[in-house]
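This briefing covers selected strands and helices of the structure shown below. Please read it alongside the sequence and the model.

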Amino acid sequence: RVLVGTKVDETHANWVTAYNMLTGIRVAVSRTNAKLDRQLTDADFDVKQKSTFDIAGNELVPSAKYDFKFKDYAPWVFRHLRALFRLDPADYLMSLTGKYILSELGSPGKSGSFFYFSRDYKYIIKTIHHAEHKFLRKILKDYYQHVTNNPNTLLSQFYGLHRVKMPYGKKIHFVVMNNLFPPHRDIHQTFDLKGSTIGRDYKEEELANNPRATLKDLNWLRRKRHLELGIQKKKMFLEQLQKDVRLLQRLHIMDYSLLIGIHDLQRGNEENLRDKTLRVFNPGGNGVPEDENPHSVLMRTPSKLENQRKARELRQMIQTEKPVPMGQTSSRMPDELEEGQNRAGFVFNQDDGGFRATHEDNAPGDEIYYLGVIDCLTHYGMIKKIEHFWKGLSSDRTQISALPPHEYGERFINFINGVTMSQEEALREAQEKDAA
Ligand code: ATP
Ligand code: CA
Ligand code: CA
């Protein structure tokens, strides 16, 4: 049974919020991208740009369906980040705008954050807590430096940080980031690994009802799984992971995980070939199966023609600085958009958008991994210290998930180190264990 996200349309409870988020992004991003590029200054990291939307609109802000306020944080920094991650500005806007806008994944984690996929599945909008928002702003310069020095970082790629506020509503902060999983490949199994074993078990008996659930550390170990990388790729992967974790440790971040989506080349792409609709995997494992979900709609992939029309509008919007109302076409010829190619050129996206398993001698294996470090905005602050204290009373101290950042990072690296090896290496290790 295939699980999908919930399409957010006019009848959806979060329609207005989603609409406002996207309208805000469209206007803010096109405004920044319309200007001539320039170097960043220190001040760019602290900028907040506020817009007020209403039905009437004005010279700076086009009319919108609903009244709301929008804040765009550090717009120039994120413009540069998008460029570093090689996103095409028009493509970015096109993905995040349009009629069938988003599908909602609801709130998969314990944190209460909501996840939305752009309609082409390339981007994820995650609502974040105020504390995470403040923290991201605080570390933005370090993050920017790190990404500049490590374009192949495995850390979440942040493309924008924004806030919407509706009349009488509360402030909603959100980030736009990369979806680690590809639009064009089935992900047959997903793991979210922290290197901890306490509470890190997805109930195996529920897997039958929910075959796409995100599995955890204990499920991984139970299956004797490995991230099958031969000597070369293993080195590249672990070196980058090491560098990324050093940054997280230095910034006192913890609670992050390595998300791994596995595409099995033997099984191939059954579902994507069968229909041209977008699917959504089910992160927290507590999503509602499609046929039990009243809101669930399989999302249609926009046609090439639709894409071209939209790209034309958006390119024009960026070129003229003045927002073009949606639906209005221009007389310019469209540029052909390359579909789904914006991850080309990155080490961990080199094989069909992912990182293909290899044998010890570098011969290609049977799986493609789509991976990255996610949920990396939790500062080891008060809450975690309290959690640590309570859990520390009852459990093995090294196994609880809320360790101080340095220890958390060491445990994380050790775990991933220990499970990254080619089939051949794993076999030898098992034999050595048996012999001992
Ligand atoms: P918690 O704090 O309880 O872990 P959270 O709300 O902070 O939850 P995350 O840990 O960021 O949520 O993500 C929850 C799940 O959503 C992940 O296990 C994964 O399945 C999916 N997910 C998150 N980020 C991405 C991403 N960038 N690409 C693909 N899937 C993602
Ligand atoms: Ca998490
Ligand atoms: Ca979290």
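Against which elements do the buried residues of α2 pack? They pack against α1 (15-33), β2 (48-53), β3 (68-73), α3 (89-96), α4 (130-149) and β7 (158-165), where contact means heavy atoms within 4.5 Å. The model is predicted: local features need pLDDT of at least 70, side-chain atom pairs count only at pLDDT 80 or more, and totals for chains, interfaces and linings use all residues. Residues are numbered from 1 along each chain as its sequence is written, chains are lettered from A and ligands numbered from 1 in the order in which they are written, and side-chain values use heavy atoms, with hydrogens and water left out. Helices (H or I, at least four residues) and strands (E, at least two) are DSSP runs, numbered from the N terminus.

**Helix α2**
- Eight of the 10 residues of helix α2 (residues 75-84) are buried, that is, under 20% relative accessible area with a 1.4 Å probe, protein chains only.
- The buried residues are P75, W76, V77, F78, R79, H80, L81 and R82.
- After α2 comes R86, with a positive phi near 60°.

- Strand β6 (residues 123-128) is largely enclosed by the rest of the structure, because six of its six residues are buried.
- On one side the buried residues are Y123, I125 and T127, and on the other I124, K126 and I128.
- In a regular strand the side chains alternate between the two faces of the sheet.
- Strand β5 (residues 115-118) runs antiparallel to β6, joined by three bridges; two strands pair if DSSP finds at least two bridges between them.
- F117 has I124 of β6 as its bridge partner.
- The hairpin of β5 and β6 has four residues between the strands, and Y121 in the turn has a positive phi of about 75°.
- Strand β8 (residues 171-178) is also antiparallel to β6, through six bridges, and the partner of Y123 in β8 is N178.

**The five-stranded sheet**
- An open sheet of mixed pairing has the strand order β10-β9-β11-β15-β14.
- Its edge strands, β10 (214-215) and β14 (355-358), each pair on one side only.
- Eight bridges link β11 (residues 257-264) and β15 (residues 364-374) in the antiparallel sense, with S257 partnered by I374 of β15.
- β14 and β15 are antiparallel and joined by three bridges, and R356 has I368 of β15 as its bridge partner.
- Five residues lie between β14 and β15 in their hairpin, where N362 in the turn has a positive phi of about 75°.

Note on methods. Buried < 20%, exposed > 50% of the residue type's maximum accessible area, 1.4 Å probe, protein only.
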